[in-house]
Amino acid sequence: MPSTALLLTVAPPRRFRFALAAAVVALAAPAWSSPPPAAAATPDHTVSWGWPVEGLSTATPAVLRAFDPPDQPWLPGHRGVDLAAEPYSPVRSAGAGVVAFAAELAGRGVVSVDHAGGLRTTYEPVDATVSLGEPIALGAVLGLLEPLTSHCSASCLHWGLRQRDAYLDPLSLVHRTPPVLLPYGPPIQRTLPAFAWIWGA
């Protein structure tokens, strides 16, 4: 029977040594070798954006219907916002870009503008005064608001925003999230009374 010392000096099989070396190389690989996480779909606020229409009595239009995307792409929802505006009022580009679409679609005029970062804004119903491929500056007039009330109870502009295939809230272009101030000092400990379990707290 071989001694314990002899067993410890026997070299492991070649396959085991190869697998051990591969595991060491994989663990020692630098962290930067893994792919970076995908960028979040958010508008770029390093560029300027503005409202596409003026309000009925103020510069800021009223939102008649908010952004309400569907849970699945094929389900119904509201992939934009409806802004109250006067019929035949000018509809302006929310940002600089290039006209990607300007024609009638399903009985109403539609204008789309491509912006940097894969963003596209869409405006309807609009009687377009621009043409496909035309460069557009921030605030440039795209056309006049058509007097249709089939989408809203009153005259309105449906304003949409996409980043490639993802629908975003157009109001995120003009409404920036304010900073949140965190409390100074240690966290506050919340204590519950002994009978709080009755309400499921």
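**Figure 1. Two salt bridges turn up when the whole structure is searched.** A salt bridge here is a side-chain nitrogen of Lys or Arg within 4 Å of a carboxyl oxygen of Asp or Glu. Side chains of opposite charge can pair when their charged atoms come close. What you are looking at is a predicted model, where local features need pLDDT of at least 70, side-chain atom pairs count only at pLDDT 80 or more, and totals for chains, interfaces and linings use all residues. Residues are numbered from 1 along each chain as its sequence is written, and side-chain values use heavy atoms, with hydrogens and water left out.

**Figure 2. E124 and R108 meet in a salt bridge, 3.7 Å from N to O.** E124 belongs to strand β6 and R108 to strand β5, so the pair ties together parts that are 16 residues apart in sequence. Strands (E, at least two residues) and helices (H or I, at least four) are DSSP runs, numbered from the N terminus. How accessible is E124? Its relative accessibility is 18%, which counts as buried. R108, at 15%, is buried too. Buried means under 20% relative accessible area, exposed over 50%, and partly exposed in between, using a 1.4 Å probe and protein chains only.

Figure 3. R120 is partly exposed, with a relative accessible area of 28%, and D114 is partly exposed at 30%.

**Figure 4. One aromatic pair is found in the whole structure.** The partners are W51 and W159, with 6.3 Å from centre to centre and 50° between the planes, a tilted arrangement. Rings of Phe, Tyr and Trp (its six-membered ring) pair if their centres lie within 6.5 Å; planes under 30 degrees apart count as stacked, over 60 as edge-to-face and the rest as tilted. Which parts of the chain does the pair link? W51 sits in the loop between α2 (14–28) and β1 (63–65), and W159 in strand β10 (residues 156–163), 108 residues apart. W51 is partly exposed at 21% relative accessibility, whereas W159 is buried at 0%.

**Figure 5. The largest nonpolar core has 23 residues.** Such a core is a set of buried Ala, Val, Leu, Ile, Met, Phe, Trp, Tyr and Cys residues joined through side-chain atoms within 4.5 Å. V91, Y123, L142, L157 and W159 touch the most other members. At least two residues each come from β2 (81–84), β5 (108–114), β6 (119–124), β9, β10 and α3 (171–174). The largest share, three residues, is supplied by β10.

**Figure 6. Strands β3, β9 and β7 build an open sheet in the order β3-β9-β7, with antiparallel pairing.** Two strands pair if DSSP finds at least two bridges between them. β3 (90–92) and β7 (126–128) stand at the edges with a single partner strand each, so one side of each has no neighbour in the sheet. Three bridges join β3 to strand β9 (residues 141–145). Look for V91, which stands opposite G143 in β9.

**Figure 7. Strand β2 pairs with β10 in the antiparallel sense over four bridges.** Within this pairing, D82 has H158 of β10 as its bridge partner. β2 also runs antiparallel to β1, joined by two bridges, and V63 stands opposite L83 in β2. In a regular strand the side chains alternate between the two faces of the sheet. Which way do the β2 side chains point? V81 and L83 point one way, D82 and A84 the other way, and all are buried.
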